[in-house]
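Okay, thanks for coming, everyone.

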Amino acid sequence: MSTYHFDKHTTRRGTNCVKWDETSLEDIIPLWVADMDFEVLPAITEALKKRVEHGIFGYALVSDSYYESIIDWFRRRHGWNIRREWIQYTTGVVPAISAVLRALTMPGERVLVMSPVYNCFFSSIRNNGCEVLESALQVVIKDSQPTYTIDWNDFEAKCADEKTTVFLLCNPHNPAGRVWTREELKRMNDICMKHQVKVISDEIHCELVMPGHTFTPFAAVSEECASNSVVCGSPSKSFNTAGLQMAHIICQNAEWRHRIDRAININEICDVNPFAPIAVETAYKEGDEWIDQLNRYLFDNYQALLAYVRKELPQMKVYILEGTYLVWLDIRETGMTSDQLTHRLLHEGRVWVNSGTTYGPVTGEGYIRINIATQRDRLMEGLRRIRQVMGK
């Protein structure tokens, strides 16, 4: 068994890195955008080196081994049996969502989301001429910590709206940190099918699950879920390969696949670079130990953050993290808005976090999101800087 060292620091400044080079502020600790400060699975680096040594980087075909790696991974890790013909590929999960929305909606229709939710959901829906319809998640306390649950009455009322044709799900949920249970997913689909609402499930964070929780692919819940859904995913978040740009769309419905294929070509997102399929295949073929150790490290980071906030920042409340590496914090007792605190942390503390309003101007107000996918000493220094700002 190999041991991977996630405490290793690798300089990212000066590499045209969005996370680190987006700002000219010096001495910054970026805990914002969802990528990780960890080097990738070494086997991915070696596979890409071998491809680079060939020296020619023309247009790339996607081979059968790409599809086989996806099929084997999801069968092995999640008990989901996928057929080769269900899989389509494109350049990223956001382009995938946009293509599926274009294929399955008409301008003016409503797309339901559960907010607060990933900010690109809003833009993808609006860019396709549809209206965003929000069902606000409900805050509940579990084991003395806040978390979210679904307002089922509101969810069904929104599905029953005659203009609602698609439900766009985040599974696991960003930024709420929920890993939806099989029972919750089935209930979502039962309501959606009752009201002729299709489901698009963004499952990009599916491998990032904390101990005691189990990710269930939406389409693996039941035959009814599979027939009524399109799943969009990628190893890019879990294996830190977002810059290589490749994602998969998995759809059992042949008619929908045909329409999605047309949308992918209309949107001109049908080609990928020669490196991306190699990274995907390698991650799915050789990444089991790496992802297991990563999740352990992330969980320990979360526990360290939780302990620190409870002791040193009691005016903040940490939401339970079941999945992703994105921690949601309630900052309403600080007396500041999300944008005010985010601005102060950046300019006074040199810590870059996300304002909760990014994920819904109403449901996200009073919150911030912190990315804990970094070396633990850097994370703790970021938290100490937050404490210093709060003490002023």
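Let me start with a definition: I'll say a charge sits over a ring if NZ of Lys or CZ of Arg is within 6 Å of the ring centre and within 35 degrees of the ring normal. And before we use that, please keep in mind that this is a predicted model.

So, with that rule in hand, look at Tyr67: Arg84 lies over its face, 3.4 Å from the ring centre. There's another case at Tyr297, where Arg376 lies over the face at 4.3 Å from the ring centre. Tyr297 also turns up in an aromatic cluster, together with Phe6, Phe38, Trp73, Phe74, Trp80, Phe239, Tyr284 and Trp290. Across the model, the count of aromatic pairs comes to 21.

Next, charges meeting charges. In general, side chains of opposite charge can pair when their charged atoms come close. How many salt bridges do we get here? The count is 30, and I'll pick out a few.

Take Arg77 and Asp288: they form a salt bridge, with the closest N and O atoms 3.1 Å apart. This one ties distant parts of the chain together, since Arg77 is in helix α3, residues 64-78, while Asp288 is in helix α11, residues 288-312, and the two are 211 residues apart. Arg77 itself is partly exposed, at 26% relative accessible area.

Now compare a local one. Glu281 and Lys285 meet in a salt bridge at 3.5 Å, N to O. Both sit in helix α10, residues 276-286, four residues apart, or about one turn of the helix.

Okay, let's move to helix α7, residues 182-194. With 13 residues at 1.5 Å a residue, α7 should span 18 Å, and its end C-alpha atoms are 18 Å apart, so that agrees. Which residues of α7 are buried? They are Glu184, Leu185, Met188, Asn189, Ile191 and Cys192. These cover an arc of only 160° around the axis, so they lie on the same side of α7. On the face turned away from that buried side you find the exposed residues Glu183 and Lys194.

What covers the buried residues of α7? The cover includes strands β3, β7 and β8 along with helices α6 and α8. After α7 comes Gln196, whose phi is positive, near 55°.

Let's zoom in on one residue of α6, Trp152. Trp152 is buried, with a relative accessible area of 15%. Leaving out neighbours within four places in sequence, its contacts are Glu184, Arg187, Met188 and Ile191. By contrast, Asn174 is 22 residues from Trp152 in sequence and 19 Å away in space, C-alpha to C-alpha.

That's my tour; happy to go back to any part of it.

Terms used: Residues are numbered from 1 along each chain as its sequence is written. This is a predicted model: local features need pLDDT of at least 70, side-chain atom pairs count only at pLDDT 80 or more; totals for chains, interfaces and linings use all residues. Side-chain values use heavy atoms; hydrogens and water are left out. A salt bridge is a side-chain nitrogen of Lys or Arg within 4 Å of a carboxyl oxygen of Asp or Glu. Buried means under 20% relative accessible area, exposed over 50%, partly exposed in between (1.4 Å probe, protein chains only). Rings of Phe, Tyr and Trp (its six-membered ring) pair if their centres lie within 6.5 Å; planes under 30 degrees apart count as stacked, over 60 as edge-to-face and the rest as tilted. The expected span of a helix is 1.5 Å times one less than its number of residues. The arc is that of the directions from the helix axis to the C-beta atoms. Contact means heavy atoms within 4.5 Å.
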